[in-house]
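Let's take a friendly walk through the spaces and contact surfaces of a protein assembly. Have the structure open beside you and follow along.

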Amino acid sequence: MADSKRISKIILAAVIAFFLISWIIKGLAIHDEDSVLWFSVRDAFLITLAAFLTLAIFSFLYKDNPYYKFAENLFVGVSAAYWMCVGFWSTIIGNMLPNLSESLSSTFGVPYKGFNIFYIVPLILGILLLMRLSSKAGWISRWALAWIVGTTAGLNLVRYLRTDFISQVSNTFVPLLVDWKGFGAFYSGLSLASTGQFVMTLSNWVIFIGVFSGLIYFFFSKEHKGFFGVASKVGIWVLMITFGASFGYTVMGRVSLLVGRLTYLFKDWLGLIS
Amino acid sequence: MKRQLPLMLVFVFGFAMIIQYFIPHQASEWVNAFFMDWMMIIGVFALALGIWSLTKVSWDKVKYKKSNWQYAIVTLAGLFLMIFFGFDYFRHFSTPVGSNNYMYVKFYQHIVIPIQSTMFSLLAFFIASAAYRAFRARSLLATLLLIAALVIMLRFNPLLGPLQPIMEDFSVWLLNVPNLAAKRAIVIGVGLGMVATALKVILGIERAYLGKD
Amino acid sequence: MKLKIVVVLTMLFMGVWAMASAQESLETIAAPDSIQAAPLPEPAKELSAKDAPDDHGHAIDVTWAKSPDDGERLKNVIGYIVYRAANPDGPFEARSGLLLGTTSYTDAGALNEGENDFMPDYQDYYYRVRAMTQDSTVFADSDIFGPVQSYGQWYDKGKTAVLLLVAGFLFLTIFFISKARGGAELYVRRLAGIEAVDEAIGRATEMGKPILYVLGLGTAADIATIASYTILGRVAKKVAEYQTGLIVPCYDPIVMTVAQETVRTAYLDAGRPDAFNQDMVYFVTNQQFAYVAGVNGVMLRERPATNLYMGKFYAESLILAETGVVAGSIQISGTDEISQIPFFVVACDYTLIGEELYAASAYLGKEPLLLGSLKAQDYAKAGVIILAVIGFISLMLGYHDFVDFFHVTG
Amino acid sequence: MNIFDRMMSLDRRWVFLSLAIVCVVTYLWDFSVPITISNEVKSIYDRFDSLQEGDMIYMSVDYDPNALAELHPTTYALAEMCFRKKVKIIFGTLSNLGQGMVDQVIRDIADSVSHDATYNGVFYKGREIVNGVDYVFLGYKPYPAMVIQAMGLDFRVPFPTDFYGTILDSIPIMKGTKNFDQCKMVIDMAAGNVAEMWITYGHGNYGVPLALAVTGVMGADMYPYLGSGQIFGLAAGLLGSAQIEKLCNNPGRAMDGMRIQLFAHILIIFFIVMGNVGFLATRNRNKMR
C-alpha cells in the first residue's frame, strides 16, 4: 500500500515536471522580440493546459485515475458555469429584460422594446420553479412543471406526426412494379444497374416487406406465433442488418475524430509536424 | 387543489397546443412564438436550480469527506471561477450575448473545447472495442449484424481489388434500401408511441411526474 | 418553427428586394440591337388574385395566363412583373422581380405594423401584370384586377390528414382504455428488455449496489424524456420497495426537477418517504461530453449493479455503454434516436428499440389503463399497413389523389 | 487457456493500444496508400481541369470547425488548383463560423501559390494572388436558402460589399459579374442541410452546375441527387477529400487522414475476424467434448 502511494507520488512529480518543461519550451518557442513576455508565458500555459487535459482524458482508456478525475471534475464545473452565463446573458438579459424594464435594460446596455405584460408570465413561472428550494412551498413548483409538460406534450404530439410519421407513411406508397410493360420487356431489359427496372422493382419490394415485417415486430398485443411469428422474425432480421450497416458506416467518421486530436497534440503542442 | 390544478393545467395547455397546430392564423403563430420564448426563459431559472444542485452535492462531498471529495473542490473551483469571469460585467462587458471577459473566453477555448473534442474522439477507441467484443457469429441475428457491418466497412478498402466496386454498389444499396425500410418501420412505431405517451400525459392517465401529497 | 421563420423572412426579403431592384433589373437587361423595330407584345390575360389559402394572412396569390407572345407568335415576351396598388388608379408599385417561366406569384408582405413592407389584412388591393420583353422600354400591361383582400385562416386544410390521424388515434386510445377499465383481459406479449429490469433490480439488491438511471440528453421538450420519467417512476418504486440505492445524474435542469418529483412520488407510493433523498437526482451539467465524463466517473467509482439508459441519446451512447461494460454492470437501454440504437444493441445486454421505449412504462406498471393504450398503438400500426397496401394498389391503378392526400404541407 | 481462448477474450486495452499505435504511426509516417478514384469525384476534377484561364467559379464554404478534418483538404486543393490555372474564384460562406476559416484558407493558399510548383506534370510559376483580381470573398449572411436565391438574381442583393467592406461594384472581377450565369460552376463544401438548399434553390431555380463535397455521414443521403443529375459530382468525407488531393496531385491532410482511416479499419476488421476465429474454434472444441 505504501509502495503504491510512493509510486503514484513519483508519477505525479514526473507529470508535473514534464508539463512544466513543456510549458517553458513552448513559451520560448512562441516568444519573439516583438511580443510581451507575460503574454507568451500565458499563451504557452494555455496550450500546455489543453494538451495536459487532452492526455488526461485519454488516460481514462487505461483505467480511472486521478488525472482523469481532475479533468472530469474541472470540465463539469466549468461547462455548467459556462452555460449558466450564456443562458443568463442571452435569454434573461437578451430576451426578457428588454420587454420588462427600461432602467434595467439601459443598465445592461440592451435596447428597450417597451413593456410587454406577457413576459411577466415566464418570470412568475420561473419564480414558482425556484420555490422548490423551500421545503414548505415546494409543491407550488409543480404548477410550472405542469405547464411545461402539458405544453411540450401537446406541441410535439402533432408536430412529430406531421414531420416524421406521415411523411414516412406516404413515402411507403411505392409502386411494386416499376415501369411494368409485361414480362417480355422485363426479361429483355434485365440488368443489375441500380436504376434498372429489376433493381428498382426488387428494391421497392424489399422496402415494402421491410416496413411491413418491421411493424409486425413491434406489435405488442399479438403473440409472435404462426404468420406473426414469421413476419416478426423477418422484421428483426431486417432491423439487425440495418444496425450492422449503420455501425459499420459510422466507424469511418469516428476514426476521423481522432485525426483532429492528433493534429492538436503533434502540431499545435509539440510542433513535431508543420 | 395541490393535485387537481396541475392536472388541469396539463390538460388545458396540452390541448391548446394541439389545436394551435391546425390554425394558420397570425394569432396562433404569435401564441406559439411566445410559448417558445417562455420555455427558454424558464429554462434559465431551472438552470439556477441545477447549479444549486451541483453545488450542494459537491459541497456535501467535501463537508462529509466522502470518497473522492478532493475532486469536488476542483468542480466547485471551476464552477465559481467561471461564473466569476462570466459575470464580470461591469468591467469588460459589452454585448448581451455573453461575456467578453478574457479569461472566460480562454477557459472556454482551452478547457471546454479540448476536453470536449477528446471525449468525443474516445469514440474511435470504443467503437473498436465494441466491434471486437460484440461482433461474434453467436446466433443468426448476431451473424447478420456482423456481416452487414463488415460489408460496409470493407466497401472502400483498396485491398479488395476488383471486388471493391461491387462491394461499394452493394453497400450503397444496403444503405438505401433495407436500411431505409427498417428505419421507416422504427419511425412509424416511434411516432405512434410518442402520440400515445403524449395523450396519456395530457389525459392525466400518466401522472407519476406530478407528485402526490 | 425555424423553417417558418426562414420562409417568412425569405418572402420578406424577396419582397423588399423586388421593390428595390425592379427598376434596376429593367435597366440592366441588355437591349437587343434593333431597338426601333421592337413590336409591342400582347399583355397577359385572365389576371386574377385571391387571398393565399391556409396561411396567416398578409399574402395574396396572383395568377394569370401567358401572353400570346410568350413562346409563340412574336416570341418576344421573356417574363412578367407583378404590380400592386391600393387604388385602381394607382400608383402601382412592383411587387416581384422579373418572373421567368411562371404564371403565378404569391405577393406576401410583413406581418406587423411598423415593419418594412407591412401588408395589412382586410385592405383592398388592385393588381396588374406587366409582360416584359428584352427591351425594358417595350412591355404590355394587363387589365387591372381588384379589389382583393388578404386575411388569415382559422383552419389549415392542408393538415386534414394529421387531424384525422390524431382524432382517430385519440378515439382508439379512449376506446381501449375504457374497455380495459371495464375489466376486459388484454394480452401483451413478453418483452425481454422489460423483464430484465425486474431481474436487474433484484440483482442490485443482492449485491448491495445501487442502480444508475440515465435520462439521456433529452430536454423537457422531448416526448422520449416524458416516457423516460414514467419508466423512472416505476423503477424508483421497485427500488424503494427493495431498499436499493438509486443514482440519477441529469443533463437538463428542468428534467432534473421533474425527475426529482417523480422519484419522490415513487418513494411515497412505496411507503418509504423517509428513504428519499433529493440528492439522488442531481444535476451534472448541460454540456454533452462534460455530462458523459461525469456519468462515466459515477459508473467507475460507484460501480452500480445495473445501468438503465432511457430517453434521447446522441453520439455519447457508445461511450456510456462501453464504460458500463468496463464497470461490469448489467445494462438495459431504450431510445427512439434511430442512429444510436445500433450502438446500444451492440454494447448493452438488452435494448428497447424505438416504440418499445414508449411501451415500457405500460409494461412495468401493468395497469389495465396503460395496457389499453398499447392495444390502440397496435391497431394504428395495422391501419398503417392497410393504408400502405391501399396506397400502392391505387398507384398501380394510376389514382394519385389518395397518395397526395398524405402529402402534408406547411 | 489455449490460443483460441486468448483470441476471444483479449483485454480491451490491447485493442485500444494497438489502435493508438496504428493511428499515431500512420499519422506521423508519411507514405501514401492506394486510393481508388470513384466516378463521382473524378467528374468534379474533370470539370475543374477543363476550366480555362479567366473563367470564374463560385466556392461556398459551408462547414464549421467540426467538419474541418474532412472538408478543409478539398477546399485547399481545389482553390489552389484554380489559382494556379488563373481561374477566378468567388468565395462565400453560409456557416457563421466559416468566415475566419475562409480568410485563413485564402491567406494560406496565396502563400503557397507564391512559390513555383508542378502538378500533374504541368509547371506553374509562383505568382501573387490579388484580392479583387483573382478572387473575391463575399462573407457570411444568415438564412442560407434566402441568400442562395438572392445570389441567383444578383450577388449585390445579399452582399452589397465583400467581407473586407469593399463595395462590390468597385471590385475589378465583379465588373460584369451579375449572378451565377457568369460562373462556370458552383462547388459547395457542406456539413448540414445547406447542401440540399443548394440543390433546391441553386440548381433548381437557376440551373447552376453544382458539385458537392460533404461529410462522410451525409454521403449516403446525397447519392440520389447524383443519379438524378441535380449535382454533377460528389466527394464525401475524408475519402472524397483524399481522392481530390490525389487527382490534383497535391497531397495534404486528407491523404494523411486516409492512412489512419484505412489502417484503423483494417485493424478493427482484423480484431473482429480474430474474435470470430477464436469463437468458432472454441465452440467446435466444446462440441467435441
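Sorted by class, the lining of the second largest cavity has 7 nonpolar, 3 polar and 1 charged residues. Here Ala, Val, Leu, Ile, Met, Phe, Trp, Tyr, Cys and Pro count as nonpolar, Asp, Glu, Lys and Arg as charged, and the others, Gly among them, as polar. This is a predicted model, in which local features need pLDDT of at least 70 and side-chain atom pairs count only at pLDDT 80 or more, while totals for chains, interfaces and linings use all residues. Residues are numbered from 1 along each chain as its sequence is written, chains are lettered from A and ligands numbered from 1 in the order in which they are written, and side-chain values use heavy atoms, with hydrogens and water left out.

**Enclosed and open spaces**

Rolling a probe the size of a water molecule over the atoms shows where empty space is left. On a 1 Å grid over the protein atoms alone, a cavity is a set of points where a 1.4 Å probe fits but cannot get out, whereas a pocket is an open set with protein on both sides within 12 Å along at least five of seven lines; lining residues have an atom within 4 Å of a point. Grid points are joined across faces, edges and corners, and a volume is the space filled by probe spheres set on the points.

The structure holds 7 cavities of 30 Å³ or more.

| Space | Volume |
|---|---|
| Largest cavity | about 320 Å³ |
| Second largest cavity | about 100 Å³ |
| Second largest pocket | about 810 Å³ |

Which residues line the second largest cavity? Among them are A:Met252, B:Arg155, B:Phe156 and D:His265. H10(D) gives the most to this lining, with 4 residues. Helices and strands are DSSP runs (H or I, at least four residues, for helices; E, at least two, for strands), numbered from the N terminus.

The largest cavity is lined by 30 residues, and those closest to its centre are A:Tyr249, B:Arg155, B:Phe156, D:Gly216 and D:Ala236. Its lining divides into 14 nonpolar, 12 polar and 4 charged residues.

Around the second largest pocket, H6(C) gives the most to the lining, with 6 residues. By class, this pocket lining has 15 nonpolar, 9 polar and 7 charged residues.

**Where chain A meets chain B**

In this interface, 113 residues of chain A are in contact (heavy atoms within 4.5 Å) with 115 residues of chain B. The two chains bury about 10,600 Å² between them, 82% of it on carbon and sulfur atoms. Buried area is the accessible area (1.4 Å probe) that two parts lose on being put together, summed over both. In chain A, the residues that lose the most area to chain B are A:Trp89, A:Arg142 and A:Trp147.

How many salt bridges does the rule find across the interface of chain A and chain B? There are 0, where a salt bridge is a side-chain nitrogen of Lys or Arg within 4 Å of a carboxyl oxygen of Asp or Glu.

**Where chain C meets chain A**

This contact takes 67 residues from chain C and 51 residues from chain A. The area buried between them is about 5,300 Å², of which carbon and sulfur atoms give 72%. Across this interface the rule finds 4 salt bridges. In one salt bridge, the side chains of A:Arg142 and C:Glu261 meet at 2.8 Å, N to O.
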